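Colleague: Please take me through the terms applied to this model, and set each value against its cut-off.

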Amino acid sequence: MDRINTIGRRKTAISRIYMSAGSGAISVNGKDYKQYFPTEVLQIILNQPFSTVNGVGGYDVKVNVRGGGVAGQAEATRMAIARALVEMNAEFRPALKKEGFLTRDSRMVERKKPGRKKARRRFQFSKR
């Protein structure tokens with residue numbers, strides 16, 4: 001297989017990736033992933049599917065990600081990478097599924113309601 005295209009979503013972030021066998025270069029929106037995701041935690045999240053299947057440095061990944069914040073973008077990219085790994089080799093599926101990388105986390109921010117301060121927070125009650 002030459003190049004695999006998958007999509008991952010988390011909160012309002014959508015990540016499209018193009019993955020192929022290679023030297024381990026990961027670019028996000030035209031930048032190196034270490035530059036785009038500066039904190040080590042986000043970099044670990046991005047590499048979790050590879051470390052689960054012992055494939056660190058074996059694939060080149062080009063990521064287009066938009067929407068949400070950096071944490072949501074990192075988790076959306078993790079899901080897309082996990083899906084691409086399963087598409088490349090079906091034997092990876094049980095290990096990645098056990099870690100929960102193939103499950104769409106559908107939790108979103110609750111909308112603000114009228115007559116409230118936030119989604120659930122009410123204005124302070126005054127007796128007098």
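Predicted model: local features only at pLDDT ≥ 70, side-chain atom pairs only at ≥ 80, totals over all residues.

Modeller: Residues are numbered from 1 along each chain as its sequence is written, and side-chain values use heavy atoms, with hydrogens and water left out.

Colleague: Why is the contact between E75 and R10 called a salt bridge?

Modeller: The term requires a side-chain nitrogen of Lys or Arg within 4 Å of a carboxyl oxygen of Asp or Glu. The N to O distance for E75 and R10 is 2.9 Å, so the pair meets that definition. E75 belongs to helix 3 and R10 to strand 1 (residues 4-10), so the bridge ties together parts that are 65 residues apart in sequence. Helices (H or I, at least four residues) and strands (E, at least two) are DSSP runs, numbered from the N terminus.

Colleague: What makes R10 buried or exposed?

Modeller: Buried means under 20% relative accessible area, exposed over 50%, and partly exposed in between (1.4 Å probe, protein chains only). R10 has 8%, so R10 is buried. E75, at 22%, is partly exposed.

Colleague: Which other residue meets R10 in a salt bridge, and at what distance?

Modeller: D105 does, at 3.5 Å from N to O. D105 lies in the segment after helix 4 (93-99), so this pair ties together parts that are 95 residues apart in sequence. D105 counts as partly exposed because its relative accessibility is 25%. The search of the whole structure finds 5 salt bridges.

Colleague: What makes a set of residues a nonpolar core?

Modeller: Its members are buried Ala, Val, Leu, Ile, Met, Phe, Trp, Tyr and Cys residues joined through side-chain atoms within 4.5 Å. The largest such core has 27 residues, and I17, M19, F50, V61, L85 and L96 have the most contacts inside it. Helix 3 supplies the largest share of this core, 7 residues.

Colleague: What sets the phi of N54 apart?

Modeller: Most residues other than glycine have a negative phi. N54 has a positive value, near 55 degrees, and is found in the loop between helix 2 and strand 5. With a relative accessible area of 72%, N54 is exposed.

Colleague: How do you know that R66 is exposed?

Modeller: Its relative accessibility is 64%, and R66 is found in strand 5 (residues 59-66).
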